[in-house]
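Subject: Structure handover

Hello,

Here is the structure we discussed.

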Amino acid sequence: MASKITVKAPSSTANLGPGFDVFGLAIDAFYDEVTLTKTKNGITIITDDNIPTNPEDNTAGLVVKNMKKKFKIKNGIEIKIIKGVPVGFGMGSSAASAAASAVAFDKLFGLKLNRNSLVELAGSGEKASAGSVHYDNVAASVLGGFVIVKTNPLDVIRIEPPKNLRMCIAVPKIDVPKKKTKVSRGVIPKNIKLTDSVLNLSNASAIVTGFMRKDSELIGNSIKDVIVEPARQHMIPGFVRVKQNALKAGALGVTISGAGPSVIAFSKSSADLKKISLAMVRGFTTANTKCQTLICKPSKGAIDKRR
Ligand code: HSE
């Protein structure tokens with residue numbers, strides 16, 4: 001058995017509007033790389049990135065610690081992390097490291113875990129950064145494509161996205177709070193109106209149908225959320241203009257990527273994606289905010305780099 005494994009895991013966008021904590025989509029914008037090496041004892045983290053190196057406070061470290069305990073592994077493990085996914089911008093950065101770690105650990109010790117177990121173990125690492133466990137980003141990062149997360153018991157459904165689905169992501173250059181996901185979960189209302197729930201449920205159902213039918217138009221047109229987006233949008237300077245501009249430029253649907261502050265526009269390969277990106281840049285400019293834009297498509301899940 002190998003003494004060292006490197007796994008690369010993709011960024012992801014969670015929620016897709018109405019699918020809060022349930023929908024995730026792996027995107028090829030960025031990748032994290034995690035190398036696990038067997039050592040004599042303990043867990044050590046090596047990284048050049050600005051992330052915690054205490055295993056308890058690090059997503060990858062926590063996954064390795066939990067898996068080591070669960071499977072009674074005696075070896076020590078060195079974790080080398082190369083962050084590609086920007087930390088704290090709503091693209092599943094902690095989830096990518098967690099997913100890569102869980103998949104690498106599984107391979108390093110020949111555990112042959114099923115996909116629900118892998119997602120569950122990867123999700124246990126999210127606690128280090130988000131403060132609570134939710135599986136939308138990790139499920140997408142582990143499995144790739146579009147995922148629906150059922151909980152109690154955890155059961156992840158994966159659907160292959162349409163080939164022509166494209167996204168334009170605008171990542172604003174703003175300071176994000178340290179525990180951003182926790183902060184942005186704190187602004188969501190505890191009680192919601194039944195009519196709002198009905199609207200979100202109808203759009204969420206249409207998104208799933210869109211993925212089943214490989215209909216990017218239906219997916220994009222159904223990215224509408226009247227519950228979480230209105231509660232969070234004040235945390236993103238210029239959000240309303242960014243969204244309006246992208247829709248005017250031809251985007252099918254626009255929403256906050258995960259817990260933000262990145263904004264994601266859904267479109268098709270046939271659309272003028274550059275025009276949509278520029279429209280989003282202009283939207284952020286109205287709020288004196290610079291942003292980076294990326295045009296991306298759905299990604300495969302976490303993979304062993306030897307393959
Ligand atoms: N569903 C989560 C949220 C994703 O929106 O808070 C962020 O991790």
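How far does a polar side-chain atom of N137 lie from an oxygen atom of the ligand? The distance is 3.3 Å, which falls under the polar contact cut-off used here, a pair of N or O atoms within 3.5 Å (within protein, one must be able to donate a hydrogen and the other to accept it, and residues adjacent in sequence count only if both atoms are side-chain atoms). The protein buries 95% of the 260 Å² that the ligand exposes when taken alone (accessible areas by the Shrake-Rupley method with a 1.4 Å probe).

Before the rest, the ground rules. This is a predicted model, in which local features need pLDDT of at least 70 and side-chain atom pairs count only at pLDDT 80 or more, while totals for chains, interfaces and linings use all residues. Residues are numbered from 1 along each chain as its sequence is written, and side-chain values use heavy atoms, with hydrogens and water left out.

Ligand site

The residues around the ligand (a heavy atom within 4 Å) are A14, N15, F20, D21, H134, D136, N137, T181, R185, R232, G258 and A259. By class, three are nonpolar, five polar and four charged (Gly counts as polar). Helices α4 (136-143) and α5 (180-186) each supply at least two of this shell (helices are DSSP runs of H or I, at least four residues; strands are runs of E, at least two). The ligand lies between domain 1 (4-159 + 299-304) and domain 2 (165-296), because both give residues to the shell; the domain bounds come from an automatic or database assignment.

On a 1 Å grid over the protein atoms alone, a cavity is a set of points where a 1.4 Å probe fits but cannot get out, a pocket is an open set with protein on both sides within 12 Å along at least five of seven lines, and lining residues have an atom within 4 Å of a point. A volume is the space filled by probe spheres set on the points.

The second largest pocket holds about 220 Å³. Of its 13 lining residues, P18, G19, F20, V22 and N200 are the closest to its centre. Helix α6 (residues 194-213) gives the largest share of the lining, four residues.

There is one cavity of 30 Å³ or more. The largest cavity has about 60 Å³ of space, and its lining includes N15, R232 and G258.

Regards
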